[in-house]
Amino acid sequence: MKEGVTAAEVEACLLEDENDAQRRHLMRFFKTGKGDYGEGDRFIGLTAPQTRLVVKEAKGKVSLQEIEKLLYSPWHESRLAGFLLLVEEMKKSLPKKKDNDKEADIKAYRREEVAMFYLRHARQANNWDLVDMSCPKILGYYLIHARDKIGLLYELAGNENLWLQRISMVTNWMLIREGIFQPTLDIADRLLDHPHDLIHKAVGWMLREVGKRDKDTLTDYLDRNYSRMARTALRYAIEKLPENERLYWLRRTPENGN
């Protein structure tokens with residue numbers, strides 16, 4: 001693609017591979033029926049790898065103004081493309097050891113710009129795939145280098161919007177990889193009683209990631225909270241434990257707690 005690619009040009013590339021059969025499958029998979037979490041969403045009918053191919057050609061050539069247009073497209077795949085382009089913008093702004101002071105300052109400014117842009121439009125990540133493929137490598141990367149801003153995650157967790165709440169949890173993936181566990185544990189506490197299965201899965205998934213790096217931190221958390229945890233969250237959290245330990249947690253009840 002040429003420099004200065006527009007949102008319309010990106011979307012036109014996506015629409016070239018429109019697929020009715022795949023569209024019908026995706027509408028079922030992402031729960032677009034009446035009353036479902038993805039109600040009314042529209043699909044072109046592309047797989048994620050197909051969308052990534054278009055993004056690969058366009059990355060670095062689409063302004064934030066044009067990315068914003070993609071994020072407000074009625075097409076799910078266009079919104080995904082917009083968020084993936086934003087991921088690429090954040091990746092370009094990550095610091096490198098060879099950066100001089102001026103380059104480091106420019107990149108820090110850009111990371112802030114991209115992260116704040118993401119937060120302004122985060123509600124457009126209105127399905128779990130859009131959340132999971134964007135927030136760790138946009139907001140997560142940003143917070144690794146701006147740890148004084150981690151409080152943003154607590155604000156998102158306190159919002160009533162399902163997708164912002166999931167962002168507050170899944171963003172922790174990058175922090176966990178850096179050995180920063182406390183935000184995951186704190187936000188899990190806030191979301192343990194959440195009514196939605198998509199939050200239970202996110203909580204369990206991030207606790208599992210903590211456990212892969214520090215098993216004691218996971219089991220200590222489970223010991224304090226297993227009686228409050230939704231079964232889905234518990235199953236996700238213990239998935240990588242040895243079978244005998246998984247069975248222990250699955251069979252444990254408040255009555256036989258120790």
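This is a predicted model: local features need pLDDT of at least 70, side-chain atom pairs count only at pLDDT 80 or more; totals for chains, interfaces and linings use all residues.
**Ground rules.** I number residues from 1 along each chain as its sequence is written, and side-chain values use heavy atoms, with hydrogens and water left out. Local features need pLDDT of at least 70 and side-chain atom pairs pLDDT 80 or more, while totals for chains, interfaces and linings use all residues.

**Fold.** I looked up the secondary structure and got 16 helices and zero strands (DSSP runs, H or I of at least four residues for helices, E of at least two for strands, numbered from the N terminus). The radius of gyration is 20 Å, close to the 18 Å from the globule rule for 258 residues, so the chain is as compact as a globular protein of that length. That radius is taken over C-alpha atoms, and the rule is 2.2 Å times the number of residues to the power 0.38.

**Burial.** Buried residues make up 52% of the 258 (buried is under 20% relative accessible area, exposed over 50%, partly exposed in between, 1.4 Å probe, protein chains only).

**Ser168.** Ser168 has 0% relative accessibility, so I log it as buried. Leaving out residues up to four places away in sequence, Ser168 touches Leu153, Leu156, Ala157, Ile187 and Leu191 (contact means heavy atoms within 4.5 Å).
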